[in-house]
Amino acid sequence: IAYYLQTVDSIKFNARVTDNLGVDSVYVEYKINKGSSKFIRLKEGKPDNYSAVFNARSLSLKGHDSIEYKIFAVDKAMTPNIAMLPKSGFLSIPVEEVFSTLPKYSTDFSTTAPDFFNIGFTITKPTGFSKYGLNTKHPYESPEDNNKSIEYTSILRHPLIFNESGMLFSFNELVLVEPGEAGSVFGSSGFSDYVIVEGSKNFGKTWFNLLDGYDSRLFSSWETAYNSSIVGNNSTFTGTEAMLQKHTFLYHPSDKISAGDTLLVRFRLYSDPFGNGWGWVIEDLKISPLVDAITEITNHTVKLYPNPGKGLIKLS
């Protein structure tokens, strides 16, 4: 487990244990912040699979806490043997802080780095860029293994109150990730690497798509740039500030989330086994109820084009 959010309400330990003579018992030793040890016995479910679940609320976890644990297994030998994972010390899971709930959120990333919990992302100003943004590694990584994938994630620590009119997302971005096969759509086998914005109403237990995943094909200029410098399986093209594009989308109330629910927002890059490029940058993020966006728009001259359109309509 890479982390828990401080809102976690249950913790589950899983272990696969085998022994030629049979397993007598499996248990876990855990402690919070190097405190006193507690022990839980794991129960066998499917053959060789052991697990235990306990209520985490009683632990009163807070951001910057840690959960240390070690798994023990005892066999059925006349003189029992004990195996431990790890053999010395403890495995450790950090507990990440969740900030106050807000009705809306905006940032230019210049002073709000603590608002995001990042794995594979940083808030930096890439070479040649004049503004700070949320950046994946440049270039991002590929696992170079048929059976593996890599994911980078960034979670906004401020949950948002989901509005009855929906939430409008707006940001400037550049996406230079491996494009899928021509004509492939998100979720199909021909779709390769992608970036996506996701939401959760249960503080990260489960996530749902706020829009479909997308790649460098979102703008033809991005796809052309990505393909202009291929070495082996990878693109060596370096992104520039001039390539940033505005991205705006609206998420309506749905069967996934309703008015008044708490929305946690996550940005994620998925990398399949082979092929990578420069990556993803997001600048000037704004998330607001639709009614706020309409009020702002009415104070400006509005242009809607092309008209008639073929599915992609631009509002200026």
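Here is a short tour of this structure, stop by stop.

**Before you click**

You're looking at a predicted model, where local features need pLDDT of at least 70 and side-chain atom pairs count only at pLDDT 80 or more, while totals for chains, interfaces and linings use all residues. Residues are numbered from 1 along each chain as its sequence is written, and side-chain values use heavy atoms, with hydrogens and water left out.

**The whole chain**

Start with a cartoon view: the protein chain has two helices and 24 strands (DSSP runs, H or I of at least four residues for helices and E of at least two for strands, numbered from the N terminus). Its C-alpha trace spans about 80 × 50 × 35 Å along the principal axes. Of the 316 residues, 45% are buried (buried is under 20% relative accessible area, exposed over 50%, partly exposed in between, with a 1.4 Å probe and protein chains only).

**Salt bridges**

The whole structure holds 12 salt bridges (a side-chain nitrogen of Lys or Arg within 4 Å of a carboxyl oxygen of Asp or Glu).

Select Arg 57 and Asp 9 first: their closest N and O atoms are 3.6 Å apart. Arg 57 sits in the loop between β5 and β6 and Asp 9 in the loop between β1 and β2, so the pair ties together parts 48 residues apart in sequence. Arg 57 is exposed, at 61% relative accessible area.

Next, pick Glu 96 and Arg 157, which meet at 3.0 Å, N to O. Glu 96 is in strand β8 and Arg 157 in the loop between β13 and β14, 61 residues apart. Are these two buried or exposed? Both Glu 96 and Arg 157 are buried.

Then try Lys 131 with Asp 284, at 2.6 Å, N to O. Lys 131 is in the loop between β11 and β12 and Asp 284 in strand β22, so this pair ties together parts 153 residues apart in sequence.

For a network of salt bridges, select Glu 151, Glu 198, Arg 266 and Arg 268.

**A surface patch**

Now show Val 302, Leu 304, Ile 313 and Leu 315, a nonpolar patch on the surface with about 380 Å² of accessible area together. Patch residues have over 30% relative accessible area and no salt bridge; like charges are joined within 9 Å, and nonpolar side chains (Val, Leu, Ile, Met, Phe, Trp, Tyr) within 5 Å. Areas come from the Shrake-Rupley method with a 1.4 Å probe, and for residues only the protein chains shown count as cover. Leu 315 lies in strand β24 and counts as exposed, at 51% relative accessibility.
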